Amino acid sequence: MRGIRVEQRREAQPGKVVVINTGGTISMALDEQAGAVSIGEGQPLHHLEPLLRQYAASEMVDLFQVPSPHMTPQMMQKLALVVQGYVEQDDISGVVITHGTDTLEETAYYLDLTVDTEKPIVITGAMRSSNEVGADGPINLVESMRVAADARSRGRGALVVFNDEIHAARFVTKTHTSNVSTFQSPSYGPIGFVTARGVSYHQPASRLQTYAVTRTKLANIQLVKMVAGMEAAWLKWLLDTPVDGLVIEAMGAGNIPPATLPIVLQLRARHLPIVIVSRCYNGYVQDVYDYEGGGKQLRAAGCIFSNGLNGQKARIRLLVLQGAGIPPENMQAHFSF
Ligand SMILES: NC(=O)C[C@H](N)C(=O)O
């Protein structure tokens with residue numbers, strides 16, 4: 001143990017790490033009798049504060065107490081403002097956020113896109129609740145603390161720390177319903193590891209553009225997944241609903257079933273921004289196919305092709321871009337990064 005702490009002190013930044021709790025399994029407990037996991041009363045993670053202080057000066061605050069399927073873009077926006085407020089304080093060197101894992105990647109990506117700072121922002125959670133054998137919450141929280149307190153974590157945007165791995169918010173996704181190694185970055189892998197001796201990165205720090213969300217009313221962006229034999233009727237509601245944008249999880253390299261194409265063309269005729277991503281979890285979408293519903297037709301209709309983001313993250317990106325007032329004609333450039 002002493003070795004870990006010595007290494008940690010050497011790399012720690014002078015300031016304090018703020019831990020912001022938002023809920024999730026990390027702050028839940030298993031009720032043996034009911035056989036179900038649920039959110040507890042009070043301040044579930046505060047008993048860990050003495051442990052966390054062994055690694056860095058810290059302060060813990062409770063913002064939300066929700067399971068992450070209850071998370072909304074409005075709550076993400078509120079969290080981003082709170083985080084921005086903390087990172088602008090000189091005595092704070094980084095922020096850790098505890099969050100449910102189901103939508104953790106969406107919140108992480110929202111923060112990555114909107115919080116303007118070089119300071120580390122780390123998001124973590126747990127797959128096993130606090131009183132289950134092998135609970136992973138405490139170790140994930142301690143490791144997040146070590147990452148947030150480490151000067152080498154600066155300038156990397158929002159990071160997801162889970163199961164000894166450090167992932168970039170842009171690439172990471174939840175891949176397993178129950179395994180503690182659920183967070184993976186398909187195609188890219190983790191950008192670093194948390195080891196017994198310290199925090200280690202195998203990629204240089206890189207930070208992409210952030211956006212100031214200036215519009216108070218968040219855009220209404222829908223996400224639709226294409227399936228074999230999909231008919232127009234499944235999409236017709238989009239013509240009667242006031243939506244601000246649409247993300248289509250298309251097939252393969254970016255193609256849709258022919259019956260759905262007329263609806264997409266009608267939506268484009270109304271200048272609705274439509275972002276194409278793939279159902280595949282590896283690779284980019286491209287306009288390579290020239291058949292009914294093929295990528296070439298989607299591109300010709302002015303659909304935006306995204307660079308390897310999954311559907312839920314492309315939705316967050318479009319939401320942020322609209323919130324930042326990026327004009328529709330510039331959207332493609334902001335999806336080609
Ligand atoms: N492991 C978890 O945190 C899952 C939980 N359903 C949540 O996202 O809040």
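The legends below describe several close-up views of a predicted model.

Residues are numbered from 1 along each chain as its sequence is written. Because the model is predicted, local features are described only at pLDDT of at least 70 and side-chain atom pairs count only at pLDDT 80 or more, whereas totals for chains, interfaces and linings use all residues.

View 1. Over residues 16-205 the chain is 22% helix and 29% strand, with the end C-alpha atoms 22 Å apart, while residues 220-335 are 32% helix and 16% strand, with end C-alpha atoms 18 Å apart. Helices (H or I, at least four residues) and strands (E, at least two) are DSSP runs, numbered from the N terminus.

**View 2. The annotated active-site threonines.** Under "active site", the unreviewed UniProt entry lists Thr25 and Thr101. Although these are spread over 77 residues of sequence, they cluster in space, the largest C-alpha distance being 7.6 Å. Threonine 25 is found in the loop between strand 1 (16-23) and strand 2 (28-31), and threonine 101 in the loop between strand 5 (92-98) and helix 4. Threonine 25 counts as buried because 27 other C-beta atoms lie within 10 Å, and threonine 101 is also buried, with 23 C-beta neighbours inside 10 Å; a residue is buried if 20 or more other C-beta atoms lie within 10 Å of its own, exposed if 12 or fewer, and partly exposed in between, with C-beta atoms placed from the backbone. Leaving aside neighbours within four places in sequence, threonine 25 is in contact (C-beta atoms, placed from the backbone, within 7 Å) with residues including Val37, Thr101, Ala126 and Ser129. Under the same exclusion, the contacts of threonine 101 include Thr25, Lys174 and Thr182.

**View 3. The shell around the ligand.** The residues around the ligand are Gly24, Thr25, Pro67, Ser68, Gly100, Thr101, Asp102, Gly125 and Met127, a residue being near a molecule if its C-beta atom, placed from the backbone, lies within 6 Å of it. By class, this shell has two nonpolar, six polar and one charged residues; here Ala, Val, Leu, Ile, Met, Phe, Trp, Tyr, Cys and Pro count as nonpolar, Asp, Glu, Lys and Arg as charged, and the others, Gly among them, as polar.

**View 4. Helix 4 and its packing against helix 9.** Helix 4 (residues 104-114) and helix 9 (residues 311-323) pack at an angle of about 35°, with their axes 9 Å apart; axes are lines fitted to C-alpha atoms, for helices over the stretch in contact, and angles run from 0 to 180 degrees between N-to-C directions. The contact is made by Glu105, Glu106, Tyr109, Tyr110, Leu113 and Thr114 of helix 4 and by Gln312, Lys313, Ile316, Arg317 and Val320 of helix 9, and these residues divide into five nonpolar, two polar and four charged. Helix 4 is mostly covered, since eleven of its eleven residues are buried. What covers these buried residues includes helix 3 (73-87), strand 6 (121-124), strand 7 (158-162), strand 9 (173-174) and helix 9.

**View 5. Two positive phi values in one loop.** Most residues other than glycine have a negative phi. Asparagine 163, in the loop between strand 7 and strand 8 (165-168), has a positive phi near 55°, and aspartate 164, in the loop between strand 7 and strand 8, has a positive phi of about 70°. Asparagine 163 is partly exposed, with 19 other C-beta atoms within 10 Å, and aspartate 164 is partly exposed, with 16.

View 6. Isoleucine 274 lies in strand 15 (residues 274-278) and is buried, with 22 other C-beta atoms within 10 Å. Not counting residues up to four places away in sequence, isoleucine 274 touches Leu246, Ile248, Val264, Leu267, Arg268, Cys303 and Ile304. Glycine 308, in the loop between strand 16 (304-305) and helix 9, is buried, with 20 other C-beta atoms within 10 Å.

Conventions: Two residues are in contact if their C-beta atoms, placed from the backbone, lie within 7 Å. UniProt positions are given in the numbering used here, feature names are shortened, and annotations may be inferred rather than shown by experiment.
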